[in-house]
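This report walks through selected features of one model. Look over the sequence and the structure first, then read on.

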Amino acid sequence: MSRRGFARVLSAAAGLTATTGSSRLLAQGPALKELVPSGWLIGAAVNQNQSDGRDTVAVDLITRQFNTISPENLLKFQSLHPEPDRFTFEAADRYVAFGRDRGMAVIGHNLVWHSQTPRWVWDGPDGALADRTTMLARMRTHISTVVGRYKGRIRGWDVVNEALNDDGTLRDSPWRRGIGDDYIARAFEFANAADPNVELYYNDYNLATRPEKRAGAIRIIKDLQQRGIRIDAVGEQGHWRLGAPTAADVDRAITELRATGVKVLITELDVNLLASAGAPAPGQPPSPESNPYADGLPDDVQQALARYYADAFRVLLTHRDDIARVTFWGVSDGDSWLNRGRANYPLLWDRQRRPKPAFDDVVKVLMTWRP
Ligand code: G3I
């Protein structure tokens, strides 16, 4: 650890004692937002208990650690626009205010996706899909209303989310079937028209593990650029597993995505420690074999997770000028979507909101990267 880095941690800890006197906060360790390269955003997806202020321990942690937030579910189509003539902005407004009150970059997630979108958006007469004109009009209304409402307050939007299959072809989503392949271009146009200053992102998963999917994302970016439509960054969600992607995979992915000219974001980072196979159906109890860490995480796995996170951050730091933001998908292990009835341990804080060895190792990497 450099002397300068060490001094930063000491001063961060001292500031904490002086301003809060809280051992609970001190237990969180140094603040990631003070350690990342200048200009980087580092954040977490927050849930409604957090943005509404009920989960006070998490609120303290988010406030202390991060300079950006993403909405885990609150700004999705179904949350904001459940019926054609009805928008529900109350919880979303509180989410935006939560971030603005803390001086954070507030992210919007997301505008156009095949999931968490109400049926009416795609429905036409007699059970058929709506025609292109109708669907485009609904898309435009949604985007202009939502982006317009938060104009100047939201830093950037995931305009289109998960438009690709794993082989890099375009997913056959209702948006694509109703509008055609140019639904992506139209969504970016509508978002730009609603707020010419908001950042516009394409966001997807498996871009680091699957080169053919990454090639698909690069085609989307280049297509927008050739049409003269603005796109500011591409998000690799970062739903990773121990060992996949490797550090070399992440390095290659960032290099190739950045070669398009747009910045790269890691938008939904977590590290899944459980096999996908054997996940219980919603509401069902997991089998013991599918839930190996129900009573806690063995130390060797805890250490392997810490090493994986450290390696990942080392690579991200070699690309510090290519990356604009790293966002974890959740704050602590208990908050994560990856639990789904099982005990998973994908994040940097444990269920008691104590920093894990992975947090300590990420901090060490962040403190030693400077030349
Ligand atoms: O709010 C209801 C609750 O009232 C009900 O009792 C409960 C019963 O299942 O469901 C609750 O809704 C759940 C919601 O999360 C809020 O917790 C939904 O069932 C559940 O499907 C939903 O999952 C979200 C998922 O997106 C949906 O696709 C996860 O929280 C959220 O983390 C996840 O986030 C996605 C990103 O948006 C896109 N990339 C992948 C990422 C992980 O899947």
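Gln116 sits in the loop between E3 and helix H8 (132-149). This placement comes from a predicted model. The backbone of Gln116 deserves a look. Its phi is near 50 degrees, a positive value in a residue other than glycine.

Gln116 also faces the ligand through its side chain. An N or O atom there is 3.3 Å from an oxygen atom of the ligand. The protein as a whole covers 45% of the 790 Å² of accessible area that the ligand has on its own.

## Around the ligand

Which residues come nearest to the ligand? Of the 14 residues around it, these are Glu72, Lys76, His109, Glu162 and Glu268. By type, the shell divides into 3 nonpolar, 7 polar and 4 charged residues.

Two further side chains place an N or O atom by a ligand oxygen. For His109 the distance is 2.7 Å. For Asn73 the distance is 2.9 Å. A cut-off of 3.5 Å applies to polar contacts.

## Cis peptide bonds

A cis peptide bond joins His109 to Asn110, with omega at about -5 degrees. Asn110 belongs to strand E3, which spans residues 105-112. His109 is also among the residues that come nearest to the ligand.

A cis peptide bond also links Ala244 and Pro245. Here omega is about 5 degrees. Where does Pro245 lie? Its place is in the loop between strand E7 (239-241) and helix H12 (247-258).

## Helix packing: H13 and H14

Helix H13 covers residues 299-318, and helix H14 covers residues 357-368. Their axes come within 8 Å. The crossing angle is roughly 25 degrees.

How are the two helices oriented, roughly parallel or roughly antiparallel? Angles under 35 degrees count as roughly parallel. H13 and H14 are therefore roughly parallel to each other. As for handedness, H13 passes H14 in a right-handed crossing.

Methods. Residues numbered from 1 in each chain as written. Predicted model: local features only at pLDDT ≥ 70, side-chain atom pairs only at ≥ 80, totals over all residues. Heavy atoms only, no water. Near = heavy atom within 4 Å. Polar contact = N/O pair within 3.5 Å; in protein donor to acceptor, adjacent residues only side chain to side chain. Areas by Shrake-Rupley, 256 points an atom, 1.4 Å probe, with all protein chains shown as cover. Nonpolar A, V, L, I, M, F, W, Y, C, P; charged D, E, K, R; others polar. Axes fitted to C-alpha atoms, helices over the stretch in contact; angles between N-to-C directions. Helix = DSSP H or I, 4+ residues; strand = E, 2+ residues; numbered from the N terminus. Parallel < 35°, antiparallel > 145°, perpendicular 65-115°, else oblique. Left-handed = near helix turned anticlockwise from the far one by under 90°.
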